[in-house]
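Here is a friendly walk through one structure, taken a piece at a time. Keep the viewer open as you read.

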There are 2 protein chains.
Amino acid sequence: MTTNRRIVLARHPDGPATLEDLRLEEVPARPPEEGEVLCRTIWLSLDPYMRGRMSRAASYAAHVEIGQPIHGEAVCEVVESRHPGFAPGDIVAGAQAASQVFGWQSYPTVQGDKLRKLNPAMERYSHALGVLGMPGLTAYAAIKGIGQPKPGETVVIGAATGAVGMVAARVVRSMGARAVGIAGGPEKCREAVERFGYEVCLDRHEPDLIGRLKQACPNGVQVYLELTGGPVTDAVWPLLTTHARIPVVGLIAAYQSGSIADGPDRLPLLFRQILVKRLHIQGMIVWDWAFMEDDFHREVGGWLKDGSLQYREDVVEGLENAPAAFLGMLEGKNHGKLLVKVGQEPARDTTA
Amino acid sequence: MTTNRRIVLARHPDGPATLEDLRLEEVPARPPEEGEVLCRTIWLSLDPYMRGRMSRAASYAAHVEIGQPIHGEAVCEVVESRHPGFAPGDIVAGAQAASQVFGWQSYPTVQGDKLRKLNPAMERYSHALGVLGMPGLTAYAAIKGIGQPKPGETVVIGAATGAVGMVAARVVRSMGARAVGIAGGPEKCREAVERFGYEVCLDRHEPDLIGRLKQACPNGVQVYLELTGGPVTDAVWPLLTTHARIPVVGLIAAYQSGSIADGPDRLPLLFRQILVKRLHIQGMIVWDWAFMEDDFHREVGGWLKDGSLQYREDVVEGLENAPAAFLGMLEGKNHGKLLVKVGQEPARDTTA
């Protein structure tokens with residue numbers, strides 16, 4: 001009998017999440033029923049939105065119940081199939097970029113209808129969780145669909161070298177606009193410029209972020225890709241120009257805060273800015289943008305192939321290390337798209 | 001020599017505006033130079049945005065300098081013309097719905113290029129300042145261009161019987177959606193339903209606005225036309241549904257507040273709501289929507305003619321009474337589009 005190792009929610013975090021909120025446990029893998037497949041997880045994706053699922057408060061998705069595996073997307077190998085579309089040995093991921101069908105577990109049993117087979121010709125299967133998956137489509141849709149930068153405009157990306165930011169910068173360049181990044185530490189900033197095509201990248205840990213950002217954006221900011229909230233947002237806000245667009249994609253800095261923020265209440269001031277500058281602020285979740293997936297795969301896939309888009313992955317070995325890696329990501333400790341290698345990839349027949 | 005009576009800014013308001021911030025003075029009317037016309041004001045429009053112009057703080061428009069007339073739009077009769085397009089006796093208004101060429105004065109001298117002649121066949125010249133002017137176009141563009149309600153959706157209008165709200169409700173109905181109004185007092189609420197086509201209108205002075213609004217919007221709120229800020233906004237916010245649209249058109253409740261609001265800081269909470277509900281918040285100023293003017297005149301003009309749109313005007317006699325009327329409007333004391341009758345209309349040759 002196969003053992004399914006999984007990370008479940010031990011309790012709802014009260015304020016910042018801690019290791020005590022998560023628990024590794026072993027249960028028997030569940031044999032597939034009609035229409036289901038039993039899978040072996042190879043790559044597990046860790047993404048900031050998962051923090052929201054751990055909270056008790058209603059979120060845009062059902063929160064995780066205590067004792068249940070944390071939600072998440074993965075790349076898996078089919079072990080046993082009771083669905084006509086899949087056979088043992090197939091490599092699968094969720095049917096859409098926005099799928100979260102597997103959860104944090106080593107042997108998930110899932111409905112075949114929610115899966116798609118990955119093409120053995122793809123460069124890295126893990127790309128299905130990053131550059132060609134949910135974070136990539138998020139970046140693509142936020143910039144193309146909401147930000148819509150015109151040539152020469154300035155786009156600020158607040159988590160420049162994260163899973164979304166790396167793709168967003170490439171999309172911005174493809175539209176003839178300037179990508180200005182903000183990242184944590186000199187190494188990430190250097191890489192942002194040298195590998196990911198940012199014109200400038202500012203270290204958010206250095207003093208006077210506002211002054212440096214102002215210098216980097218002499219014509220102000222026309223698009224701000226909101227990924228973080230917190231001090232980065234506060235620095236960008238005064239530089240927004242008339243008709244600036246703000247796709248709100250993530251709020252990493254806010255996910256961890258459980259309490260109400262101290263005053264003054266900046267809400268009235270914000271609305272005055274919205275009115276005076278005619279700002280366009282729009283929240284987005286990738287589910288709503290599946291209609292862009294074909295364009296996304298064609299365009300971003302093309303950039304990957306021709307080398308004009310580089311994508312860094314940060315791999316942690318072993319499911320048992322997922323909780324610490326996840327908490328580190330919320331503090332910006334990851335360096336590139338964060339993945340957990342839960343199991344080995346099978347040898348690929350690249351002659352196929 | 002003609003005397004120009006005008007209301008000038010005596011000082012920038014510090015907190016709520018008061019009568020002491022404005023001053024009536026008499027100066028000689030300025031003879032027109034080449035390209036200019038000297039006008040006699042008949043109707044002066046009073047609009048909430050003017051409060052912003054009185055502040056020292058930079059706004060979307062240049063603020064009014066101390067000693068200068070308050071900005072504003074009017075309907076005037078040409079007295080003397082040095083512009084080939086205009087002759088004495090012509091009735092004129094600003095060239096576009098969003099014009100503010102005249103200011104609060106009885107004999108303004110202005111550039112002819114910024115004017116248009118009004119058609120003597122129009123029902124009321126004052127309509128050029130309300131239903132067929134800036135407030136009307138604001139309502140039209142906010143609902144058609146940003147709110148975009150679908151049939152059956154609920155649109156909440158926070159200043160239901162104001163200059164914008166009366167038109168907005170009619171636009172909402174034309175799109176097959178429900179208009180739910182909020183207004184100050186039972187008389188306005190009754191009129192909102194009986195004359196302006198609101199399905200329901202709630203008195204903001206009565207207790208439990210949140211509870212009553214919830215009952216009036218059993219399927220939540222899909223569009224919120226933001227005209228007020230303050231407690232009305234706070235009541236609507238929890239009812240917004242996924243993908244709700246919020247055109248931010250005015251913030252009457254906030255215009256008068258000079259100080260920073262007490263905490264807690266609701267900004268982080270707001271952004272979480274924007275993300276979770278994928279809200280679309282967009283500030284709008286009517287200048288940007290001039291491209292809709294033709295459609296607006298055709299459609300709204302048609303409703304006026306066929307009687308399916310009623311528009312209430314609240315007329316104050318005499319320029320000297322403009323300051324008190326204006327301050328009253330900021331507290332919601334006006335009942336319909338607020339106008340000052342500065343001078344008599346000439347007799348119309350309706351046989352023309």
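## Before we start

Two strands count as paired if DSSP finds at least two bridges between them. Strands themselves are DSSP runs of E with at least two residues, numbered from the N terminus. With that in hand, look at chain B, where Val155(B) stands opposite Ala179(B) in β9(B). Please keep in mind that this is a predicted model.

## Strand β9 of chain B and its partners

Let us stay with this strand. Strand β8 (residues 154-157) of chain B pairs with strand β9 (residues 178-183) of chain B in the parallel sense, over 4 bridges. Besides the pair already mentioned, Val156(B) stands opposite Val180(B). Between the two strands the chain passes through helix α3 (residues 165-174) of chain B, and this β-α-β crossover from β8(B) to β9(B) is right-handed. β9(B) also runs parallel to β10(B), and 4 bridges join the two. There, Val180(B) has Val200(B) as its bridge partner. A right-handed β-α-β unit is made by β9(B), helix α4 (residues 186-194) of chain B and β10(B).

Is β9(B) enclosed or open, and how many of its residues are buried? A residue is buried if 20 or more other C-beta atoms lie within 10 Å of its own. For β9(B), 6 of the 6 residues are buried, so the strand is largely enclosed by the rest of the structure. Both of its faces are covered: Arg178(B), Val180(B) and Ile182(B) are buried on one side, and Ala179(B), Gly181(B) and Ala183(B) on the other. Helix α5 (residues 209-216) of chain B lies across β9 and β10 of chain B, running at about 175 degrees to β10(B).

## A sheet that spans both chains

Now step back to the sheet. It is an open sheet of 12 strands with mixed pairing, in the order β10(A)-β9(A)-β8(A)-β11(A)-β12(A)-β13(A)-β13(B)-β12(B)-β11(B)-β8(B)-β9(B)-β10(B). Its edge strands are β10 (200-203) of chain A and β10 (200-203) of chain B, each of which pairs on one side only. From one strand to the next, the twist averages 15 degrees.

Where do the two chains join in this sheet? β13(A) and strand β13 (residues 280-283) of chain B pair in the antiparallel sense over 3 bridges. In this pairing His280(A) stands opposite Gln282(B).

## Where chain A touches chain B

The contact between the chains takes 32 residues from chain A and 32 residues from chain B. On the side of chain A, the elements giving two or more residues are α8 (267-276) and β13 (280-283) of chain A. Of these, α8(A) gives the most, with 8 residues. The residues on this side of chain A divide into 18 nonpolar, 7 polar and 7 charged.

In chain B, helix α2 (residues 134-147) packs against helix α9 (residues 293-306) at an angle of about 100 degrees, with their axes 10 Å apart. Angles of 65 to 115 degrees count as roughly perpendicular, and α2(B) and α9(B) are therefore roughly perpendicular to each other. Gly136(B), Leu137(B) and Tyr140(B) in α2(B) meet Glu293(B), Phe296(B) and Val300(B) in α9(B). These contact residues divide into 4 nonpolar, 1 polar and 1 charged.

In chain A, 12 of the 14 residues of helix α2 (residues 134-147) are buried, so this helix is largely enclosed by the rest of the structure. Among the buried residues are Met134(A), Leu137(A), Tyr140(A), Ile143(A) and Ile146(A). After α2(A) comes Gln148(A), whose phi is positive, near 45 degrees.

## Two loop residues

Gly336(B) is found in the loop between α10 (322-330) and β15 (337-341) of chain B. It has 20 C-beta neighbours inside 10 Å, so Gly336(B) counts as buried. Leaving aside neighbours within four places in sequence, Gly336(B) is in contact with Thr161(B), Arg312(B), Glu313(B) and Asp314(B).

Pro238(A) sits in the loop between α6 (230-236) and β12 (240-248) of chain A. Pro238(A) has 12 C-beta neighbours inside 10 Å and therefore counts as exposed. Pro238(A) and Lys214(A) are 24 residues apart along the chain, and their C-alpha atoms are separated by 9.1 Å.

Key
Residues numbered from 1 in each chain as written. Chains lettered and ligands numbered in written order. Predicted model: local features only at pLDDT ≥ 70, side-chain atom pairs only at ≥ 80, totals over all residues. Axes fitted to C-alpha atoms, helices over the stretch in contact; angles between N-to-C directions. Parallel < 35°, antiparallel > 145°, perpendicular 65-115°, else oblique. Contact = placed C-beta atoms within 7 Å. Nonpolar A, V, L, I, M, F, W, Y, C, P; charged D, E, K, R; others polar. Right-handed = clockwise from strand over helix to strand, strands pointing away.
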